[in-house]
Amino acid sequence: MEVFVSLLCLGTTLFLWLVLYARFKKKYSPDATVEKAGKVLNKMLIDLNSNAERNITLVNDRIAELKQVISEADKRILYLKSQHTAARPTEIYKYEQAKKATPVMKEAAPPVQPSQPAVPVPPPQPAEPAKEEKDYRAEIQKLAALGMTVDDIAAEVGLSTQEVKFTLEFS
């Protein structure tokens, strides 16, 4: 009976060793390691491709936004050029009139001698009353509708940014 039990234990032990050897060989064989590495690399490539596609989509969206901004800027530039060319003849006329009205001194005045009495300087005159103010509301609203910033509108109309903000808030 002892022989039978020892043979049974020996047989069980050999069987367990064979099962363990087969599993070990299957789990740690070079083929299994290469296969696992291939699966991991495939997952990494899939993630990389999905991230690249998402990034490409984001870049394409940004490009579309930039094209839209560029077209809007081109429209504004054309508008400003048309405004500039429309205002240009009057500016040239004003410049020529001011140039004609300003006398040109040909000779320098003689220097004042210390022996001569000083010429009294008249006190400054109060400024002329303000001329009729132009109603800028319509122009400010038109420029704001084109999407111009408050600073750009103020520069175009010739008012302060606070006046433009006030006009836009209450009109």
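**Reading the model**

Tutor: Start with Thr167, which sits in helix 5 (residues 161–169). Helices here are DSSP runs of H or I, at least four residues long, and strands are runs of E, at least two, numbered from the N terminus. This is a predicted model, in which local features need pLDDT of at least 70 and side-chain atom pairs count only at pLDDT 80 or more, while totals for chains, interfaces and linings use all residues. Residues are numbered from 1 along each chain as its sequence is written, and side-chain values use heavy atoms, leaving out hydrogens and water.

Student: Is Thr167 buried or exposed?

Tutor: Buried means under 20% relative accessible area, exposed means over 50%, and partly exposed lies in between (1.4 Å probe, protein chains only). Thr167 has 16% relative accessibility, so it counts as buried.

Student: Which residues does Thr167 touch?

Tutor: Contact means heavy atoms within 4.5 Å. Not counting residues up to four places away in sequence, Thr167 touches Arg137 and Ile140. Now turn to Ile140. Leaving aside neighbours within four places in sequence, Ile140 contacts Ile153, Val157, Leu159, Val164, Thr167 and Leu168.

Student: Which residues make up the largest nonpolar core?

Tutor: A nonpolar core is a set of buried Ala, Val, Leu, Ile, Met, Phe, Trp, Tyr and Cys residues joined through side-chain atoms within 4.5 Å. The largest one here has eight residues: Tyr79, Ile140, Leu143, Met148, Ile153, Ala154, Val157 and Val164. Helix 3 (137–145) and helix 4 (150–157) each supply at least two residues of this core. Helix 4 gives the most, with three residues.

Student: How many helices and strands does the protein have?

Tutor: Five helices and zero strands. From the N terminus on, the order is α-α-α-α-α. Buried residues make up 6% of the 171 residues.

Student: How many salt bridges are there?

Tutor: Side chains of opposite charge can pair when their charged atoms come close. The rule asks for a side-chain nitrogen of Lys or Arg within 4 Å of a carboxyl oxygen of Asp or Glu. By this rule there are two salt bridges. In one, Lys39 pairs with Glu35, with the closest N and O atoms 3.8 Å apart. Both Lys39 and Glu35 lie in helix 2 (residues 30–101), four residues apart, about one turn of the helix.

Student: And the other pair?

Tutor: Arg76 meets Glu72 at 3.8 Å, N to O. Arg76 and Glu72 are also both in helix 2, four residues apart, about one turn of the helix. Arg76 has a relative accessible area of 27%, so it is partly exposed. Glu72, at 33%, counts as partly exposed too.

Student: Which residues form a nonpolar patch on the surface?

Tutor: Patches are made of residues with over 30% relative accessible area and no salt bridge; like charges are joined within 9 Å, and nonpolar side chains (Val, Leu, Ile, Met, Phe, Trp, Tyr) within 5 Å. Met1, Phe4, Val5 and Leu8 form a nonpolar patch with about 480 Å² of accessible area together. Such areas come from the Shrake-Rupley method with a 1.4 Å probe; for residues, only the protein chains shown count as cover. Phe4 lies in helix 1 (residues 2–28). Phe4 is exposed because its relative accessibility is 56%.

Student: What is the average pLDDT of the protein?

Tutor: pLDDT is the predictor's confidence in each residue, from 0 to 100. The average is 79, and 71% of the residues score at least 70. Among the elements, helix 2 has the lowest mean pLDDT (82) and helix 4 the highest (91).
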